[in-house]
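I opened this notebook to record what I looked up in one structure. The entries follow the order in which I worked.

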Amino acid sequence: MWPALVTASALTLSCAVVAGVASSAAGAEFTRGPSPAELDRAAVSEVALRWQVWPAGRIFPATVGYAAEQGGEEKARRVGISPETRCDKAVDAKLLKALRQAGCRGILRATYLDALQGVVLTVGVAAFADEVGAARAKASLPRAGRPSPGLRTLAFPGTVTDRFTSAGRQSSLVRQAGPYVVMATIGQIDGRPAKAVGEQRPTIFAFTGDIAERILADISTPVRPDCTSEEWRC
């Protein structure tokens, strides 16, 4: 009889110890802070949501600096932002299939003028689920420089951009980082088509790359969560 009681007591004590250890581990798991790996994953997830949760004015600042052709820095001024985010409304039909296959979730657009108000560009931020989708989309787009097919122009009636139509597209560019592809379609405010320009200085639109890259860097650069800040909940 005694051996059985001793065995039962030992099992009871063992179970209590295991339960205590499990409870302690669970408590430690619930009360510990996030690990560096968890913070990095959270940062990546936050980047992918920026196109939906950031204010439009944060994605497309009122002014964007760029390197001037003659040296120094100048600023491009934002004319307006489109409220439309559907992929099919932002690009020519010939590009839509490739973007959809890559997982296009939405395209945000805004139009800017250079400091001299002679060059106009529409910038598009295309959002994808991840970096793989964005890279696939970039690879499917026409080589940078071809005006069409590409991002559709965004003109605002009553402003100097109202002549900026699809026919007036003269150049384009594409950049990609993280889950985003930034496209730009570029022309001149008089709306002249590329074929009417003749020989063009190769640097006339070079500054637009600075604008695209700055917008892309802002929306695609991960920031590890700061658990002491009210902006984050850890």
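**Entry 1: Ground rules**

I noted that this is a predicted model, in which local features need pLDDT of at least 70 and side-chain atom pairs count only at pLDDT 80 or more, while totals for chains, interfaces and linings use all residues. Residues are numbered from 1 along each chain as its sequence is written, and side-chain values use heavy atoms, with hydrogens and water left out.

**Entry 2: The sheet**

I first asked in what order the strands of the open sheet lie. The order of the 6 strands is E1-E2-E3-E4-E6-E5, and the pairing is antiparallel. Strands (E, at least two residues) and helices (H or I, at least four) are DSSP runs, numbered from the N terminus. Two strands pair if DSSP finds at least two bridges between them. E1 and E5 (171-177) are the edge strands, each pairing on one side only. From one strand to the next, the twist averages 30°; axes are lines fitted to C-alpha atoms, for helices over the stretch in contact, and angles run from 0 to 180 degrees between N-to-C directions. As background, I wrote down that strands of a sheet pair through backbone hydrogen bonds, either parallel or antiparallel.

**Entry 3: Strand by strand**

I then followed the pairs across the sheet.

- E1 (residues 63-67) and E2 (residues 73-81) are antiparallel over 5 bridges, and Gly-65 stands opposite Lys-75 in E2.
- E1 and E2 form a hairpin with 5 residues between them, and Gly-71 in the turn has a positive phi of about 105°.
- E2 is joined by 4 bridges to E3 (residues 106-113), again antiparallel; Arg-77 has Leu-113 in E3 as its bridge partner.
- E4 (residues 119-127) and E6 (residues 180-188) pair over 9 bridges in the antiparallel sense, with Ala-127 partnered by Tyr-180 in E6.
- E5 and E6 run antiparallel and are joined by 7 bridges, where Ser-172 has Thr-185 in E6 as its partner.
- The hairpin of E5 and E6 has 2 residues between the strands, and Gly-178 takes a positive phi near 55° there.

**Entry 4: The helix across the sheet**

I asked which strands helix H7 lies across. Helix H7 (residues 208-220) lies across E1, E2, E3, E4, E5 and E6, and runs at about 25° to E5. Contact here means heavy atoms within 4.5 Å.

**Entry 5: An aromatic pair**

I searched the whole structure and found 1 aromatic pair. Rings of Phe, Tyr and Trp (its six-membered ring) pair if their centres lie within 6.5 Å; planes under 30 degrees apart count as stacked, over 60 as edge-to-face and the rest as tilted. Why is the pair of Tyr-66 and Phe-207 called tilted? The ring centres are 4.5 Å apart and the planes stand at 35°, so the pair is tilted. Tyr-66 lies in strand E1 and Phe-207 in the loop between E6 and H7, so the pair ties together parts that are 141 residues apart in sequence.

I read the definitions first. On a 1 Å grid over the protein atoms alone, a cavity is a set of points where a 1.4 Å probe fits but cannot get out, and a pocket is an open set with protein on both sides within 12 Å along at least five of seven lines; lining residues have an atom within 4 Å of a point. Grid points are joined across faces, edges and corners, and a volume is the space filled by probe spheres set on the points.

The largest pocket holds about 270 Å³ of space. It is lined by 15 residues, and the closest to its centre are Glu-69, Gln-70, Asp-114, Ile-204 and Phe-207.

There is 1 cavity of 30 Å³ or more, and the largest cavity has about 80 Å³ of space. Of its 14 lining residues, the closest to the centre are Pro-149, Gly-150, Leu-151, Ser-172 and Val-174. E5 gives the largest share of this lining, 3 residues.

I noted a cis peptide bond between Ser-148 and Pro-149, with omega of about -5°. Pro-149 is in the loop between helix H6 (131-140) and E5. Gln-117 is not a glycine, yet has a positive phi of about 55°; this residue is in the loop between E3 and E4.
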